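Hi,

Here is the structure I promised to pass on to you. Have a look at it first, and then read on for what turned up.

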Amino acid sequence: MDINQLQTFLRVSEYGSFTKAGEQSFISGTAVMKQINRLETELNLKLFLRTATGVNLTPQGKKFQPYVRQLLDLLNTAVEETRRVRTDDKRIILLGTSLLHPADPFMALWKQVAPKMPRFQIRLVQLQEDLNSSNREYAMLGRSSDLIVGTFDSTTLKHSFSAIKLGSYHFGIAVRSDNPLAQLEAISFQDLAHERVLMVPTGISEKNDLLRKQMLTEVPTIQTIDTNGRYDINTFNETVEENIAMISLTPWKNIHPNLVTVPLKTDVTVDYGLLSTKLPGKKTADFLHEFIQNNDEKEFPTTM
């Protein structure tokens with residue numbers, strides 16, 4: 001029995017469905033069912049009654065549920081109190097960072113705000129991917145990190161996230177340095193006529209969907225190529241190896257040494273900011289509240 005199984009148990013009991021609980025955890029309903037089956041086997045308990053319309057707690061499950069809540073609350077309190085002692089009463093906020101989700105935009109601002117928030121300390125942690133999730137690093141939010149700096153729009157936020165806007169990223173076109181497009185100071189949609197352009201599939205980001213619509217409406221001969229979900233480092237390698245164009249964003253311009261990113265002429269931008277879960281816990285919620293109060297250019301949480 002592990003913490004993930006207990007958290008999954010609570011999600012299933014709340015949503016009454018393996019599939020819906022999986023959506024909240026960014027894993028498949030099958031993966032959720034396997035976790036519950038394993039938990040029931042290890043405990044030798046029947047926690048859920050499976051039906052054609054969903055799942056319901058058994059009497060054993062109902063008895064087990066409040067103890068699980070108490071156990072997880074106690075564990076969270078124990079970890080937080082232990083960290084507080086170890087760090088001279090500083091409240092540690094774990095900020096995830098990676099190549100695709102760099103923390104730099106926030107850290108520059110944090111240097112200015114930190115003196116006004118002496119109770120808190122930022123600790124950078126390397127984001128790990130959840131390979132069972134279509135949202136990969138986003139799925140680890142609230143698990144391995146309290147906050148990440150990432151892009152968001154209504155499509156992203158409906159997946160149980162909240163955001164404090166820090167700014168907007170601009171779109172660009174990433175190409176190999178020997179590609180003729182790399183010689184341009186800025187790229188228009190017309191420059192991409194008959195070009196193969198790599199981008200995320202529809203339904204992942206409304207801003208990407210809007211950009212795709214603009215491109216293909218103005219220049220129907222652009223050949224869009226869908227990635228397998230959100231970008232990872234292999235996306236950039238594919239761009240180099242296939243010598244094709246790729247839709248890129250401001251923070252990714254230096255990810256790959258063989259790629260050059262040229263600004264794309266479009267009025268579509270992508271908001272970025274501090275992302276948290278919608279129920280981040282008291283420590284993180286207190287941090288976000290104080291951060292908003294002490295930020296001279298206040299941006300208020302965006303939720304869906």
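Two rings of Phe, Tyr or Trp count as a pair here if their centres lie within 6.5 Å, the six-membered ring being the one used for Trp. On that basis, a search of the whole structure, which is a predicted model, finds eleven aromatic pairs.

One of them brings together Phe106 and Phe291, with 5.5 Å from centre to centre and 55 degrees between the planes, a tilted arrangement. This pair links distant parts of the chain, since Phe106 belongs to helix α5 (residues 104–113) and Phe291 to helix α9, 185 residues apart. Both Phe106 and Phe291 are buried. Ring pairs also build a cluster, whose members are Phe106, Trp110, Phe120, Phe287 and Phe291.

Another pair is made by Tyr231 and Phe236: the ring centres are 6.0 Å apart and the planes stand at 85 degrees, so this one is edge-to-face. Tyr231 is buried, at a relative accessible area of 8%, and Phe236 is buried too, at 1%.

Asp286 and Arg91 are both buried.

A second salt bridge joins Asp271 to Lys165, with 3.3 Å between the closest N and O atoms. Asp271 is part of strand β11 (residues 269–277) and Lys165 of strand β6 (residues 161–176), so the contact ties together parts 106 residues apart in sequence. Lys165 has a relative accessible area of 26%, which makes it partly exposed.

Then there is Arg212 with Asp226, where the closest N and O atoms are 2.8 Å apart. Arg212 comes from helix α7 (residues 206–218) and Asp226 from strand β8 (residues 223–226), 14 residues apart. Are the two partners buried or partly exposed? Arg212 is buried, with a relative accessible area of 11%, whereas Asp226 counts as partly exposed at 41%. Salt bridges with shared partners also join Arg91, Lys282 and Asp286 into one network.

Finally, a word on the backbone. Asn44 has a positive phi, near 55 degrees, although it is a residue other than glycine. Asn44 is found in the loop between α3 (29–43) and β1 (48–51), and it is exposed, with a relative accessible area of 68%. His194, not a glycine either, has a positive phi of about 70 degrees. Its place is the loop between β6 and β7 (196–199), and at 58% relative accessibility His194 counts as exposed.

Enjoy looking through it!

Best wishes

Key:
Residues numbered from 1 in each chain as written. Predicted model: local features only at pLDDT ≥ 70, side-chain atom pairs only at ≥ 80, totals over all residues. Heavy atoms only, no water. Buried < 20%, exposed > 50% of the residue type's maximum accessible area, 1.4 Å probe, protein only. Salt bridge = Lys/Arg side-chain N within 4 Å of Asp/Glu carboxyl O. Helix = DSSP H or I, 4+ residues; strand = E, 2+ residues; numbered from the N terminus. Phe/Tyr/Trp six-rings, centres within 6.5 Å; stacked < 30°, edge-to-face > 60°.
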